[in-house]
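Visitor: Good morning. Could we look through this structure together?
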Amino acid sequence: MKWALLIILACETIGSTPPTPDASGVASTGQAIRSCLGVAAGLRKKELRDQASKQVMLCYEKHFSPLKEELRAHNPKATLSLEYGFGVLARQMTLRHDDGVAMASQLADRVESVIDSTRSAPKNEAGDSG
């Protein structure tokens, strides 16, 4: 049963861009990213490194990419850091002796933290998160 779920998730196409979520959808997107990265961590635990890396990029395209503009409007530096974090995590998942599992959880924490900060802070018009 677990394999069927993993196969279904792995077979989703990256090419289609989902619509940008509204304010209520942004919070649930944080949990979706956490779940999606959890699947990547599970693949990495099973030594399926290439699939784990692809899953990280699927998480980025499907869940994070639609949020980028809204997050960037509030905190451009944090958004850039998260984008970089997805790339680093995708690379780390392919390495034999690296702990991509812990990194996936840390990235999910960071994403949720930035999403939470957008609800409490006004847009940063100057482009500085200072």
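Visitor: To start, how many residues does H5 have, and how far does H5 reach from its first C-alpha to its last?
Guide: H5 has 18 residues and reaches 26 Å, close to the 26 Å expected at 1.5 Å a residue. The expected span is 1.5 Å times one less than the number of residues. Helices here are DSSP runs (H or I, at least four residues), numbered from the N terminus. The model is predicted: local features need pLDDT of at least 70, and side-chain atom pairs count only at pLDDT 80 or more. Residues are numbered from 1 along each chain, and side-chain values use heavy atoms, without hydrogens and water.
Visitor: At what angle do H5 and H6 pack?
Guide: H5 (residues 76-93) and H6 (residues 100-120) pack at about 165°, with axes 10 Å apart. Axes are lines fitted to C-alpha atoms over the stretch in contact, and angles run from 0 to 180 degrees between N-to-C directions. H5 is therefore roughly antiparallel to H6 (an angle over 145 degrees).
Visitor: Which residues of H6 make the contact?
Guide: Among them are Gly-100, Met-103 and Leu-107, while the H5 side includes Leu-82, Phe-86 and Leu-89. Contact means heavy atoms within 4.5 Å.
Visitor: Which residues of H5 are buried?
Guide: Leu-82, Phe-86 and Leu-89 are among the buried ones, as is Glu-83. Buried means under 20% relative accessible area, exposed over 50%, and partly exposed in between (1.4 Å probe, protein chains only).
Visitor: Changing topic, where is Asp-116 found?
Guide: Asp-116 lies in helix H6. Asp-116 counts as partly exposed because its relative accessibility is 42%. Asp-116 and Gly-30 are 86 residues apart in sequence and 8.9 Å apart in space, C-alpha to C-alpha.

Definitions and conventions:
Helix = DSSP H or I, 4+ residues; strand = E, 2+ residues; numbered from the N terminus. Parallel < 35°, antiparallel > 145°, perpendicular 65-115°, else oblique.
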